[in-house]
Amino acid sequence: MKSRSTTPGNAGAVRRYAQDAERRLAAGDLAGAENAALCALALAPDDTALLRIAARIQTALGRPDQAIADLTRVLAQHPRDVAAWRDLAAAQTAASELAAA
């Protein structure tokens with residue numbers, strides 16, 4: 001699920017940023033997670049794994065609409081990605097909870 005724009009020269013940096021984003025998300029450092037994800041996406045904007053990470057961060061930050069948009073892009077390319085469907089359900093739930101508030 002790597003982006004076509006990811007080159008061998010930046011693949012290591014993308015992987016490090018992605019791992020940092022996931023680690024920070026798990027630790028509750030949402031600002032740090034978002035920053036790392038944005039750095040990774042700057043290098044590989046079409047990487048669907050990165051888009052899924054970014055979507056989880058957006059949902060956690062209370063921005064489910066952006067998460068839904070990113071996950072829609074992922075699912076257009078990988079309609080059988082069960083994890084993306086699960087993340088989409090979480091984002092849609094968060095969006096409906098915000099609308100009800």
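How do the residues of the lining of the largest cavity divide into nonpolar, polar and charged? They divide into 5 nonpolar, 1 polar and 1 charged, where Ala, Val, Leu, Ile, Met, Phe, Trp, Tyr, Cys and Pro count as nonpolar, Asp, Glu, Lys and Arg as charged, and the others, Gly among them, as polar.

The model is predicted, with local features needing pLDDT of at least 70 and side-chain atom pairs counting only at pLDDT 80 or more, while totals for chains, interfaces and linings use all residues. Residues are numbered from 1 along each chain as its sequence is written, and side-chain values use heavy atoms, with hydrogens and water left out.

**The cavity**

The count comes to 1 cavity of 30 Å³ or more, and the largest cavity has a volume of about 30 Å³. A cavity is a set of points, on a 1 Å grid over the protein atoms alone, where a 1.4 Å probe fits but cannot get out, and lining residues have an atom within 4 Å of a point; the volume is the space filled by probe spheres set on the points, which are joined across faces, edges and corners. The lining consists of Glu-34, Ala-37, Leu-38, Leu-41, Ala-54, Ile-57 and Gln-58. Helix H2 (30-43) and helix H3 (48-60) each supply at least two of the lining residues, and H2 gives the most, with 4 residues. Helices here are DSSP runs (H or I, at least four residues), numbered from the N terminus.

**The helix pairs**

Two packed helices are described by the angle between their axes and the distance between the axes. Axes are lines fitted to C-alpha atoms, for helices over the stretch in contact, and angles run from 0 to 180 degrees between N-to-C directions.

| Pair | Axes come within | Crossing angle |
|---|---|---|
| H2 and H3 | 10 Å | roughly 150° |
| H3 and H4 (residues 64-77) | 8 Å | roughly 160° |

H3 is therefore roughly antiparallel to H4, a term used for angles over 145 degrees, and H2 and H3 are likewise roughly antiparallel to each other. H2 passes H3 in a left-handed crossing, meaning that the near helix is turned anticlockwise from the far one by less than a right angle. The contact (heavy atoms within 4.5 Å) is made by Leu-30, Ala-33, Glu-34, Ala-37, Ala-40 and Leu-41 of H2 and by Leu-50, Leu-51, Ala-54, Ile-57, Gln-58 and Ala-60 of H3. By class, this contact of H2 with H3 has 10 nonpolar, 1 polar and 1 charged residues.

H3 also passes H4 in a left-handed crossing, and the residues of that contact divide into 7 nonpolar, 5 polar and 3 charged.

Technical notes
On a 1 Å grid over the protein atoms alone, a cavity is a set of points where a 1.4 Å probe fits but cannot get out, and a pocket is an open set with protein on both sides within 12 Å along at least five of seven lines; lining residues have an atom within 4 Å of a point. Angles under 35 degrees count as roughly parallel, over 145 as roughly antiparallel, 65 to 115 as roughly perpendicular and the rest as oblique.
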